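Dear colleague,

I am handing over the structure we spoke about, with the sequence alongside. Please have it open while you read, as the notes below go through it part by part.

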Amino acid sequence: MKKTAYIIIVLGFINISFSQPHITGTVTLDIEKGFIHCDFTLSNLPKLSKYKILLNHGMNIKYFKNNEDQVISYNGYYDGKTNGEGLEYYFVNEQNEQIELNNKFKIEYSGAYPVYKDSLNGFDFKGYIAINDKTLRATEQSKWYPIIYDVQNDRLLTNYTYKITVNTINKPQSVFLNGTQPKKGIKTLFSSTKSVPLFLFAGDFDFSSTSGNYLINADVSENTAEKIFDNIESIKEYYENLLEINFNDQIYIINHNAVKALKNNDWGFNSYPAFGFSNLDFNELLAENNKFKENHYKFFAHELAHNYFGNNVNSGVLSWFWLEATAEYLSLVVLEDYTNKENVAEYYEYYINTIENKNFIPLANITDNKQIDSEYRYILGPLIFKAFEISFGKEKTIETLKSLLVLSENQKLTINSWEKSATQSGISKEAFIHFKDTFLLHKRFKINITNLITDSYKNKN
Ligand SMILES: [Zn+2]
């Protein structure tokens, strides 16, 4: 008997430490009016004393309630602090002091957003709740649903398992909630036992399926859809072999209209296992041999790399570096095997030229994640990894990335994590410190990086 009791206690403990946050409830959408109403219960939340509940700043909270349906007092409404797209809320006691996060709570709120019909906005990005005459797009970054911010570990809890009913009150509409197949209806239930970021896409659109993968609002023939997914499968397989982590998930590709002018550029973002694209003509993706054109292959290779470097690395002051520099570097690794290497050399050359006159703070001296701007993330970042590759070889570079992925499961990544991963991958501590001094810390670090890459390509020719 004693043994049984012991096992129950141990399992109970495991349940707490691996609790999976879960959301149930109802979302009501009036897309024509730009109206969103949510009535949610969040459960299985971690035990946190330092936390914030983040909700998009356009949402107005009716109340928070506990399990017994009693109203919970909270702060954040008056003189509230923002965190990205959201306002910060937290529960308080009678003395107005922050109290521990409830394991389970209810929240009801509404928001209204502009609908872009004949006009556009000056900007659009993944964190924007974008509504046009056809569709509504809201990703986890917008914080359209409550996101728990773990202050101590600087981590955002964006992924939930869910059981959510979506009402499109006026008429039957298509709805996609991340990780499950899209459906058309007025009142539709969606549920996922796998925790995902809750990317919501709803409105007037078609969708098609190819062996479980979905193309949403893309307007292509079945044959083209199949060919597109053949290419995507080949990138998934490449990453599986390279990083030795399975890529089994079915994926969802969503075409949406941005609410800003994109001119000739296309734009992609990742809410794994969904990918959003804008201004990309899906009928133009394939070359005559049914393979993706080179730039599209690289584009998807970047987005699919976020299957590995995604929300798991989205914490700490270097979060943008770990998120985007890795994905961009990996997309060039993929491309190197897909196409001839000279083309990839051209990419590196182009990146080097792009930042020729720009100054950056050495990576090891970054103190605020805002210091890593988009050129740092997408251009300098992959060059830093290329410098690492030239210094230690591709194999050890990939081993280091694999080791960083393991660390990212339960900690934020830092330069120390990089050093730890490098030494685990057979790079000596001294060699890493030399790399760090030259390429991550030196005041001429950018020149050191670009010279190393330029010289290495020169030597090959
Ligand atoms: Zn990216």
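I begin with helix H9, whose buried residues are covered by, among others, helix H6 (374-392), helix H8 (415-424) and helix H10 (445-460). H9 itself spans residues 429-441, and the residues buried in it are Phe 432, Phe 435, Phe 439 and Leu 440. An α-helix has 3.6 residues a turn, so residues three or four places apart point the same way. Please keep in mind throughout that this is a predicted model.

As for the chain overall, it has ten helices and 23 strands, and its C-alpha trace spans about 70 × 55 × 50 Å along the principal axes. A compact globule of 461 residues would have a radius of gyration near 23 Å, and the chain, with 23 Å, therefore agrees with that expectation. Of the 461 residues, 39% count as buried, and among the contacts between residues at least 6 apart in sequence, 65% join residues that are at least 24 apart.

The largest nonpolar core has 120 residues, and those with the most contacts inside it are Ile 216, Ile 253, Ile 254, Ala 301, Leu 383 and Ile 384. Helix H4, which covers residues 319-338, gives the most to this core, with twelve residues. If neighbours within four places in sequence are left aside, Ala 301 is in contact with Ile 235, Leu 330, Ser 331, Val 334 and Leu 335.

The domain assignment divides the chain into domain 1 (13-205), domain 2 (206-291) and domain 3 (308-461). Taken over C-alpha atoms, the centres of domain 1 and domain 2 are separated by 26 Å, and the contact takes 24 residues from domain 1 and 17 residues from domain 2. On the side of domain 1 that touches domain 2, strand S10 (130-132), strand S11 (135-138), strand S15 (173-177) and strand S17 (187-197) each supply at least two residues. The residues of that side of domain 1 divide into eleven nonpolar, nine polar and four charged.

Turning to the strands, there is an open sheet of six with mixed pairing, in the order S9-S10-S11-S18-S15-S16. Strand S9 (115-116) and strand S16 (183-185) stand at its edges with a single partner strand each, so one side of each is left without a neighbour in the sheet. S16 runs antiparallel to S15, to which three bridges join it, and Lys 183 in S16 is the bridge partner of Val 175.

Strand S14 (residues 159-168) has two pairings that I would like to describe together. With strand S1 (residues 22-30) S14 runs parallel, joined by eight bridges, and Gly 25 stands opposite Ile 164 of S14. With S17 the pairing of S14 is antiparallel, over eight bridges, and here Tyr 162 stands opposite Ser 192 in S17.

Lastly, which strands form a hairpin with two residues between them? They are S19 and S20, and Ser 211 in the turn has a positive phi of about 35 degrees. Strand S19 covers residues 207-210 and strand S20 residues 213-216, and the two pair in the antiparallel sense over four bridges, with Tyr 214 in S20 as the bridge partner of Ser 209.

With best regards

Technical notes. Residues are numbered from 1 along each chain as its sequence is written. This is a predicted model: local features need pLDDT of at least 70, side-chain atom pairs count only at pLDDT 80 or more; totals for chains, interfaces and linings use all residues. A nonpolar core is a set of buried Ala, Val, Leu, Ile, Met, Phe, Trp, Tyr and Cys residues joined through C-beta atoms within 7 Å. A residue is buried if 20 or more other C-beta atoms lie within 10 Å of its own, exposed if 12 or fewer, and partly exposed in between; C-beta atoms are placed from the backbone. Two residues are in contact if their C-beta atoms, placed from the backbone, lie within 7 Å. Domain bounds come from an automatic or database domain assignment. Ala, Val, Leu, Ile, Met, Phe, Trp, Tyr, Cys and Pro count as nonpolar, Asp, Glu, Lys and Arg as charged, and the others, Gly among them, as polar. Two strands pair if DSSP finds at least two bridges between them. The radius of gyration is taken over C-alpha atoms; the globule rule is 2.2 Å times the number of residues to the power 0.38.
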